[in-house]
Amino acid sequence: MSKSKISEKGNGQSSIARIFALLNNQVVYLILVIILIGIIATAINPNFFTLRNLLNIMQQVATLGILTMVLSLLMISGGLDISHGNLAGLLAIIFARFILAGNSIALGVIIVLAIGTFFGFVNGFIIAKSKVTPLIITLGMSYVFLGMALIIGGGRPKAITGQFEFLGQQRIGGIVPVSILFFLGIFAFSYLLRKYTKYGRRLNAIGGNPMAAYLSGINVNIHVISIYTLGGLIVGFTALVLISRLSMIQADVGSSYSLQALAAAIIGGITFEGGRGSLVGAFFGVLLLGILNNALNIIGISSFVQTIVLGAIIVIATVVSNIGSIRQ
């Protein structure tokens, strides 16, 4: 066989391999589903496919998107944290009380970020040292944060209308909301951290096989504590975006965010086993939830039915992801 024919055969096989790789890529299916939902929603209501509505969707999912990026990094490293939502609520309540007492906004931002980092460290330290499953530890801490928020907030909503709107309500050039840029910035940071740094590759290794990572010389405990600590810091930023967007906060405002972030990560292909999944997939998982909620609202579907749809999508995404894992 001539060299040219061998080359053609090799190119043909690599093309087929690329096609199969594309078909096994969950992100491709997510994009197709998003396009399908967009087409149906636009056919029912032409106002869906407008720049204003698309920016509104991105603005609405900015807070969820930031939490999803944090959770995805944790899950890729074999961890899990379902306390982020209530921690964000606690930090937002602390910020509101601090500002309402007449203190500096800049100092309030620093305090919120510091407290978020501290509680992230606490979570990581307990999980690394106790070796108890992260689900149990963070479930308990979730209730701790909720209880603290109820005590500090006195069980009543706190409003800071007109005092801190830049992160959540301002728009660059009067068009693009700042919160969207913030979400995209956290996504880019998480992607680059995981993809192009030694630290990110070590997190992958720990998530894939912590014992093998330990035997290869990686200090597993230090990395576990550090990624939870980083998560706490980013949750602090999330709390600032949240209270800036709402201008009013109550203790349980973040309770639903943890499960929604978990749903977005799973829909995007992140698994509980660790070491696998992509942040790009998680990003499109967030977009899918946002577009789906918006489309259902435009169509006029009740919030009760939307909850059922969300649950069904999580089940379907998990089953599809598991089938893909079995094939691999």
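1. The loop at Lys-131. In this predicted model, Lys-131 sits in the loop that links α6 (105–130) to α7 (134–153). Most residues other than glycine have a negative phi. With a relative accessibility of 59%, Lys-131 counts as exposed, because the cut-off for that class is over 50%.

2. Ser-247 is placed in the loop between α12 (220–246) and β4 (248–249). Is Ser-247 buried or exposed? Its relative accessibility is 6%, so Ser-247 counts as buried, the limit for that class being under 20%.

3. The packing of α6 against α7. The two helices on either side of the Lys-131 loop have axes that come within 10 Å and cross at roughly 150°. That angle makes α6 roughly antiparallel to α7, because angles over 145 degrees fall in that class. The crossing of α6 past α7 is right-handed. On the α6 side the contact is made by Phe-119, Val-122, Asn-123, Ile-126, Ile-127 and Ser-130, and on the α7 side by Pro-134, Ile-137, Thr-138, Met-141, Phe-145 and Met-148. Sorted by class, these residues are nine nonpolar, three polar and no charged.

4. The packing of α5 against α6. Helix α6 also packs on α5, at an angle of about 155° and with the axes 10 Å apart. The pair is therefore roughly antiparallel, and its crossing is right-handed. From α5 the contact draws on Leu-87, Leu-90, Leu-91, Ile-94, Phe-95, Phe-98 and Ile-99, while α6 contributes Ile-105, Leu-107, Gly-108, Val-109, Ile-111, Val-112, Ile-115, Gly-116 and Phe-119. The classes here come to 14 nonpolar, two polar and no charged residues. Phe-119 of α6 is listed in the contact with α5 and also in the contact with α7.

5. Phe-98 within that contact. Which residues does Phe-98 touch, once those up to four places away in sequence are set aside? They are Asn-103, Ser-104, Leu-107, Gly-108 and Ile-111. Phe-98 itself belongs to helix α5 (residues 84–100), and Leu-107, Gly-108 and Ile-111 are among the α6 residues of the helix contact. Between Phe-98 and Ile-111 there are 9.4 Å in space, C-alpha to C-alpha, for a separation of 13 residues in sequence.

6. Leaving out residues up to four places away in sequence, Phe-237 touches Leu-113 and Phe-182. The C-alpha atoms of Phe-237 and Val-109 are 8.5 Å apart, although the two residues are 128 apart in sequence. Val-109 is one of the α6 residues in the contact with α5.

7. The packing of α9 against α14. Helix α9 (residues 178–196) and helix α14 (residues 279–299) bring their axes within 10 Å and cross at roughly 155°; the two are therefore roughly antiparallel to each other. As α9 passes α14, the crossing is right-handed. Phe-183, Leu-184, Phe-187, Ser-190, Tyr-191 and Arg-194 make the contact from α9, and Leu-279, Val-280, Phe-283 and Val-286 make it from α14. By class there are eight nonpolar, one polar and one charged residues in this contact.

8. The chain as a whole. The secondary structure amounts to 15 helices and four strands. Of the 328 residues in the protein chain, 46% count as buried. The accessible surface is about 16,000 Å², and 69% of it belongs to carbon and sulfur atoms. Among contacts between residues at least 6 apart in sequence, 77% join residues at least 24 apart.

Definitions and conventions: Residues numbered from 1 in each chain as written. Predicted model: local features only at pLDDT ≥ 70, side-chain atom pairs only at ≥ 80, totals over all residues. Heavy atoms only, no water. Buried < 20%, exposed > 50% of the residue type's maximum accessible area, 1.4 Å probe, protein only. Contact = heavy atoms within 4.5 Å. Areas by Shrake-Rupley, 256 points an atom, 1.4 Å probe, with all protein chains shown as cover. Axes fitted to C-alpha atoms, helices over the stretch in contact; angles between N-to-C directions. Parallel < 35°, antiparallel > 145°, perpendicular 65-115°, else oblique. Left-handed = near helix turned anticlockwise from the far one by under 90°. Nonpolar A, V, L, I, M, F, W, Y, C, P; charged D, E, K, R; others polar.
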